[in-house]
Each structure stands twice: as structure tokens, then as C-alpha cells.
Amino acid sequence: MSLSQFLLLVIFFNVSLLCVQCNPDYRDALAKSIIFFQGQRSGPLPPQDISWRGSSGLSDGSLAGVNLTGGYYDAGDNVKFNLPMAYTTTLLSWSVIENSRKLGPQLPAARDAIRWATDYLLKCARATPGRLYVGVGDPNADHKCWERPEDMDTARSVYYVTPTSPGSDVAGETAAALAAASIVFKKVDKGYSKLLLSTAKDVLQFAMQHRGSYSDFLGSNVCPFYCSYSGYTDELLWGAGWLYTATNETYYLDLLKSVGGGDGVDIFSWDNKYAGAHVLLAKKSLVNKDETFGGYRQKAEDFMCKILPNSPSSTKMYTIGGLMYKMGASNLQYVTSITFLLTTYSKYMAKANHTFTCGNLVVAPDTLRNLARRQVDYILGENPMKMSYMVGYGTKYPKRIHHRGSSLPSVAVHSQEIGCEGGFQPYYYGSDPNPNTLIGAVVGGPDQNDFFPDERGDYTHSEPTTYTNAALVGPLASFARKS
């Protein structure tokens, strides 16, 4: 064992001793993590818990002669980017599929959050034959403004991919989202489930037949915000994996074989889906005992070996406080997505009574689950700052998040329009806490030294995203059942 690995073990041991005293309220955090999505809604809003938000984007799609209202704003801005939105939807659906009972009274709200996205994604996929709409709103213009979504006056440009300007990445993810959601609604709304599945099949066919990355054709309209840095093969694997999971049709198994399994990775994100696909398909090997999928199980376990702090093949850095640290910008998005895979794979392992090894380290289901719990507990306040990184949870949490709607007075309080530049002074540059609490929002998180400045202008640490929250719903549900 190296010195660095020994020190990590000491850190985790000491933290575990401290946590004997802690008692996170996972049920409360679970409820709030789902309520958050109400604050990100675009389109005509129904009565909702986050009452300071109003309807917005009511003409979305009109510049292309179609109706593209609905969906979610990805983060603290007022743009609808379909690549991260579809990924958010896939993760929410996977969370429900694996934790429907554990979600308990939050199950209807989780389904509502999924349907708000899938209603929009269906419009994007079905509005115009031969065209998949992939976003609404000019991100470059939007990011120069600090205004409420209800006041938006920037161009609501419409972006799409076609057979001659393809986007296999965003199409593959959209197919995955629709297929996963079809499983969620299969028993509660059969007609809607069939529509989701048939549309998913069409979109995946489009992605497979017309290969290319949407970044290459949409350029600065999606980059650097959501460039497809990893390429599109991971989304084809991910999409085919979800269609096979939803249908069990040999056609999609053949597609999986033709796409290939992908290289080993130590990340799972809106951009790179390989690890998620490996874990999803590994279930067939572990739980269903189908060794056709043994290769995916091996790749999933190789991924886990790269994550575990005391594994000889670990590539992950951990802070002194015990938090996984991947990147400086929005690090908690990687923490929550990896934590989702840890809890999900540990569940599959437990069902199969399975263990594996990372060198001399024997990995049992609880090995993964305990690491996942440590990450969740850190987010909920068991950290050197003694701060919850979920807004509205606990007594100390971020008060100046990088989020336009939260940081500006609501329409109910300030009925006069706040224009593009009108929100910068005094709201954006001011030091007062945000007037509106975006309940459940998980921010980007602390730096590598476990420090969080709570500054509105520091978007790398203070901005929430839909996909950070979506990945946390599953782990919270998993732990809430026994809390």
C-alpha cells in the first residue's frame, strides 16, 4: 500500500468515526432534490411548490414554425440544451426504475419531473420529419444577460440536426431518455409508454444511420457549453443499451455488438456515458446470469476499481474531507453521477451475492455502498465547512447561488420587467443572499481544499445543474428507505 493510499484510509476512518454522531435526513433531502426541478421548468407552469417561478419561453419553437415549449433550463441560465436535458431525464428514469418502492411518497413527483422533460423531448423528435430539435435559446446572447426567465428578451433561436448535419450524440441520448422513461410509465400509462418507446426507436435509428457529432455542425451554439468532447459512440452504446433494456429485442443486442463496448473510463457525465452503459448492461450478467454481457460486467468493475480510494488501480483524487475530486468546475456533478453508479452496481452485486477484486482488494456490495454514502453525507453537511451543498437542506447552505431566477426578485414582488443588463447591479454583483430559495438545488461544490466561497459570480462552484440533482435522486432514495 502506498503512502497516499494509507492516508486516504486514515481520512475515511476518521470521518467514519465522526459520522457516528451524524444523522442525515435522507428523506427530506430526497423530497427537496426532486422539488428543485420545478425551479428549472420552462413553459406554462401549473401551481407548484416553487411558487416564485412563473411561466416562460411560451413562444419557444416559433422561429422554426413549431411548438417547443416545456422542458428544463439546464442550470442558472435560460437556455434549453437537449444533450444534458436528455441525460438528466435518463438518470431520473433509471433512479425510478431501480428505486420505485424506496422513493415512497416521492414517486409521483419523480414521474412528474420525468414527464416534464419527455413531453418536450417528444415534441423535439416528432415536430418535423427528418429533423431532431436539440435546443432553444441563443446561449451566447443569454450568457451576456442577467434576467429572469419570465423577462427573457434574447433570441429564442432553434437548433436542430438532420441527416446532412447529423448529431448521433444528442440523438443517442434522446433515444436513451425516451426508452428509459417508457419503462417508468409502462404500468401507469401504457399509451404514453408506447409513444415514448416508438419514438425512441425512431430517434436511435436516426442516430445510427446518420453518424456525426452535433458539435461539428452547431459549433458555438453548443460549444463550449455542451460540446460532445467524448464523441458520439458512447451515446450510441447508451441508447442501444436502453432500447435493449426496454424491449429485449435481439435487434438492439446486435446493435450493441456493432457499436462496441468502449474503452475503460473513470468518469460518468452528460458527455461520457460509457461507465453508465457498462453498469446498465452488467445487470444482465450479474442478475440475469447471461454471460453474453460478461464483458460489460468486467468493464463496470474496472471502473469501480478506478474509483475506490484504496484500490491499486485508483485514479481518483479525494480531498482531505473525503470528497471525490475530479475537476474544478462543477465537481459535484461527477460526484453525484459516480455515486449513482456505486449504489446501483452495489444493488446488482447484492442480488447476485457477488464480489470482485481490485488487485488484492476484495470488493463487496457494502464497499461500494459505504463510499457512496460518504459522498452523499459530505454533500448534506458532513464536511470541513459543515455546510450542506443542497440549498434549503439543513441550517447552513449556499445563499448566493449562480442562478438568474433565484438571485432576482420574483415577478410577484417586482412586477416591472428587469432587462438584459438590469439584473447585474445590484443583484448579480451584490453580496446579499438570493431573495428566492431554489429548494433542493445542489451547487458545483467546494474546491480541492474543501473550501466553498459562496459567491454568486463563482459559477464553477455556485451554479446548480439539472444533471447534478438527477444523479443524486437514486442514491438518496436508496438510503432514505432505511433512514
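Tutor: Let us begin with Asn353, which is exposed, with a relative accessible area of 73%. A residue counts as exposed over 50% relative accessible area, as buried under 20%, and as partly exposed in between (1.4 Å probe, protein chains only). The model is a predicted one, in which local features need pLDDT of at least 70 and side-chain atom pairs count only at pLDDT 80 or more, whereas totals for chains, interfaces and linings use all residues. Residues are numbered from 1 along each chain as its sequence is written, and side-chain values use heavy atoms, with hydrogens and water left out.

Student: What is the phi of Asn353, and where is the place of Asn353?

Tutor: Phi is near 50 degrees, a positive value in a residue other than glycine. Asn353 sits in the loop between H13 and strand S6 (356-358). Helices (H or I, at least four residues) and strands (E, at least two) are DSSP runs, numbered from the N terminus. Ser330 also has phi near 50 degrees, again positive in a residue other than glycine. Its loop runs between strand S5 (324-325) and helix H13 (331-352).

Student: Is Ser330 buried or exposed?

Tutor: Ser330 is buried, since its relative accessible area is 11%. Asn353, by contrast, is exposed at 73%.

Student: How many helices and strands are there in the protein?

Tutor: The protein has 18 helices and seven strands. Its radius of gyration is 21 Å, close to the 23 Å that the globule rule gives for 483 residues, so the protein is as compact as a globular protein of that length. The radius is taken over C-alpha atoms, and the rule is 2.2 Å times the number of residues to the power 0.38. Along the principal axes, the C-alpha atoms fill a box of roughly 65 × 50 × 40 Å. Of the 483 residues, 63% count as buried.

Student: Which residues of H2 are buried?

Tutor: Helix H2 (residues 26-35) is mostly covered, with eight of its 10 residues buried. These are Tyr26, Ala29, Leu30, Ala31, Lys32, Ser33, Ile34 and Ile35. They pack against helix H3 (82-103), helix H4 (107-126), helix H14 (365-379) and helix H18 (466-480), where contact means heavy atoms within 4.5 Å. Among contacts in the protein with a separation of 6 or more, 74% are between residues 24 or more positions apart.

Student: Where is Lys316 found, and is Lys316 buried or exposed?

Tutor: Lys316 belongs to the loop between helix H12 (294-307) and strand S4 (317-318). Lys316 is buried, at a relative accessible area of 7%. For a polar contact, look for a pair of N or O atoms within 3.5 Å; within protein, one must be able to donate a hydrogen and the other to accept it, and residues adjacent in sequence count only if both atoms are side-chain atoms. Here the Lys316 side chain reaches the backbone oxygen of Asp266 at 2.6 Å. Leaving aside residues up to four places away in sequence, Lys316 touches Asp266, Lys306, Ile307, Lys326 and Ile338.

Student: Which residues does a cis peptide bond join?

Tutor: Cys223 and Pro224 are joined by one, with omega about 10 degrees. Pro224 lies in the loop between helix H8 (214-218) and helix H9 (233-247). The bond from Gln425 to Pro426 is also cis, with omega near 15 degrees, and Pro426 is in helix H16 (residues 424-428).
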